[in-house]
Amino acid sequence: MLTAESILKATFGYDTFKPLQREIINNVMARRDTLVIMPTGGGKSLTYQVPALMMEGLTVVVSPLIALMKDQVEQLRALGVSAVFLNSSLSSEEYQENMDSVKSGQSKLLYVAPETLLTPRIYSLLSSLKLDLLAIDEAHCISEWGHDFRPEYRQLVDVRRKFPSAVCMALTATATPRVRTDIAASLGFTEKNEFLASFNRENLFIEVTPKQDPVAQTVKFLQNFKDQSGIIYCFSRKQVDELAATLARYKYSVRPYHAGLEDGERKRNQEAFIRDDVQIIVATIAFGMGINKPNVRFVIHFDLPKSIESYYQEIGRAGRDGLPSHCLLLYSYGDASKIRYFIDQKEEPERSSSYQHLDAMTRYAEGSSCRRKPLLSYFGETYSQENCGICDNCGAEPGSQTDITIPAQKFLSCVKRSGEKFGAAHIVDILLGADNEKIQKYSHQTLSTYGIGKELTKSQWMHISRQLVERGLLNQEPAYRVLSVTAKGLEMLKAREQVFGQINEAKRVGKVSAKLRASLPAEELEYDNLLFAQLRNKRKELADGEGVPPYVIFSDKTLVQMATYFPQDKDSLMNMSGMGKVKYERYGADFLKIIKEYARENKLEEKYKTPMRNKDDAGRRYVAVGEAYNAGESLESLMARYGVTADTILNHLARFMTAGNPLRTASDLLALSKLTPDQQQKVFTAFDELGPDMLRPVHEKLNAAVNYDELKILRLCYLCEKR
Ligand code: ADP
Ligand code: ZN
């Protein structure tokens, strides 16, 4: 039987499992019903796809959306795995064809909608087969407490009863305990086999910034994301249309998406985004379910989301491929009031719960500690690090604290004197001596605090107000945001205690922080942009030819690695993440050709990617070559055995060594060099001085007198000596 590791490498092209994947697969292979809770991008699909390929019989995957099924099947086919789906989108011939493929045992995976699975036709098909695994994707649909309840999911337990020997997996990204228990109970799980992954998405940079001039802020943000995909969420359809039109005027490649668009147009816009024909989607929250696009590099919230749960879900659509991605929320007080206005129209008990959600959201947006803490605690997870290094608050310069005692006193007494009946915006109006209807109505121009705060701007005052709330000197009532002075605040006023804080909003760092960079090997962040663009064009051309989204051919991560390491032969290319056997056979030559030409024209050398330590390293050629060489085999004999040039053997040896294996020092290596001992010594001195990593500086230092082939040989000798 194939091992999970060999399938991971050969079929999926990955070196190592992501957290919990291996444990989940073990559990399923031991035929225990399993509940998997992982955030988007956590790698859920692989946890049933690998067992499906290891088991003898059929795996049925239940999925609620036609688009998701299609996407998964396309991705599997590109990996050389035979999978089909059955749903109402198929013509009757296609349907029969797919039925036949399952019946004959050719397809190991069958994707179905729950309502399809419950039909007599499918029941009888499955009864004629060995059903080994029943995987239920988006399993929260089974729970009325989830955000996406589907009654058909309730009946899945009947399927389980009909096919009791099939092991069952339920997978979801919804973590609330109530939904979890509900899933296990509805499916009749008898033992508790739960795998709960961390919901911390380490490749997402999280930023919240005050919304001042949102269009200008958005355009400025987009300048850092040339040619990259992203989603901008807006509150209303009208706002979506306006912003999409504005960005189009600025020559961005952009389309709108909301429920008010005609069906055909909505589908076309979504498809264009998925296929990389369009860069940006401006959307209401109607957009996202069923979008599997892994290379979404940014998510902007142009308006405030209505709860932390939806916010987390929406930002979660960024960076599924694990590459660094940026999430920006433009926050304004006014947005919160707008949402509050809508909540006011609702009935109890929905109204109170909506207020609570909004309140948590505004507290999050106004908070000054690590963003990950409130986000993760919302999902019952404690984030124990003080500083994540990958959110605005952690990356911010520790804003210089100044004495804000006077403004704090002014603010608190103004709240007190106006009777503790107003929100921050009105208090600020009083302090600034504004003349408006509300001031007139309550005769607030007669207050002693009227106009005593003209030394600060409105936004500085709002910032002070937030700090006073955060410190517990002011209390803010959730529904109408009315401020009142707390006991602690009164104490402070009476005792004339000093208060330290910030006058201005801290300058937030927009740069990718060091920590985020650490989510990738440093070198992969400095990939060659021009080569990447060429590779991406090739990918797009192949994808269009096959009528699939580009990410079905290769993920961005695979291309980034190609544009980092410049692999020159099959073995090196197979070392790129996501390069399985079938993908290599189908597309390897096309991509190798581009990389080789580019490397030649630009005099770029291959860089060795340190392979992940894994058992199956032993099966790779460079290991075999390295070991044979260490065992005493000569270069000549290795060249003959593998039918390759000395250069290729040298490459294998170099990689063997960079993977952490020592290499014997041998005279036959040095004998390959045609230089005199004197000249060789000069090269070694140059390595001493400039380091052995890059050959170009050494080449230049020696006035181009020594060619690159020589340098490669001598570098290897040099490194052997060093060890
Ligand atoms: P989920 O369904 O949990 O949102 P996916 O199954 O779509 O996540 O996986 C997210 C991405 O991670 C996909 O691009 C997938 O190919 C990739 N992936 C999954 N497992 C691994 C792994 N072991 N190593 C590298 N990438 C992986
Ligand atoms: Zn942080």
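**A guided reading of the predicted model**

Leu-20 is located in the loop that runs between helix H1 (4-12) and helix H2 (21-29); helices (H or I, at least four residues) and strands (E, at least two) are DSSP runs, numbered from the N terminus. This is a predicted model, in which local features need pLDDT of at least 70, side-chain atom pairs count only at pLDDT 80 or more, and totals for chains, interfaces and linings use all residues. Residues are numbered from 1 along each chain as its sequence is written, chains are lettered from A and ligands numbered from 1 in the order in which they are written, and side-chain values use heavy atoms, with hydrogens and water left out.

Although Leu-20 is not a glycine, its phi is positive, at about 75°. With a relative accessible area of 22%, Leu-20 is partly exposed; buried means under 20% relative accessible area, exposed over 50%, and partly exposed in between (1.4 Å probe, protein chains only). Asp-276 is another residue other than glycine with a positive phi, near 60°. The loop between helix H13 (263-274) and strand S11 (280-283) holds Asp-276, which counts as partly exposed at 26% relative accessibility.

The text now turns to the ligand. Around ligand 1 there are 14 residues, of which Tyr-14, Thr-16, Gly-41, Lys-44 and Ser-45 come nearest; a residue is near a molecule or strand if one of its heavy atoms lies within 4 Å of it. By class, this shell consists of four nonpolar, seven polar and three charged residues. Here Ala, Val, Leu, Ile, Met, Phe, Trp, Tyr, Cys and Pro count as nonpolar, Asp, Glu, Lys and Arg as charged, and the others, Gly among them, as polar. Helix H3 (residues 44-54) supplies the largest share of the shell, three residues.

Ligand 1 taken alone exposes 570 Å², and the protein buries 80% of that; accessible areas come from the Shrake-Rupley method with a 1.4 Å probe.

In helix H7 (residues 120-127), Ile-122, Tyr-123, Leu-125 and Leu-126 are buried. These residues cover an arc of only 160° around the axis, which puts them on the same side of H7; the arc is that of the directions from the helix axis to the C-beta atoms. Pro-120 and Ser-127, on the other side of H7, are exposed.

Helix H15 (residues 333-344) has 12 residues, which at 1.5 Å a residue should span 16 Å, and the 17 Å between its end C-alpha atoms agrees with this; the expected span is 1.5 Å times one less than the number of residues. Its buried residues are Tyr-333, Asp-335, Ala-336, Ile-339, Arg-340 and Ile-343. Seen down the axis of H15, they fall within an arc of 160°, so they line one face of the helix. In the loop between H15 and helix H16 (350-366) lies Pro-349, joined to Glu-348 by a cis peptide bond with omega about 0°.

Finally, Ser-101 belongs to helix H5 (residues 92-103) and is buried, with a relative accessible area of 10%. Ser-101 and Asp-709 are 608 residues apart along the chain, and their C-alpha atoms are separated by 53 Å.
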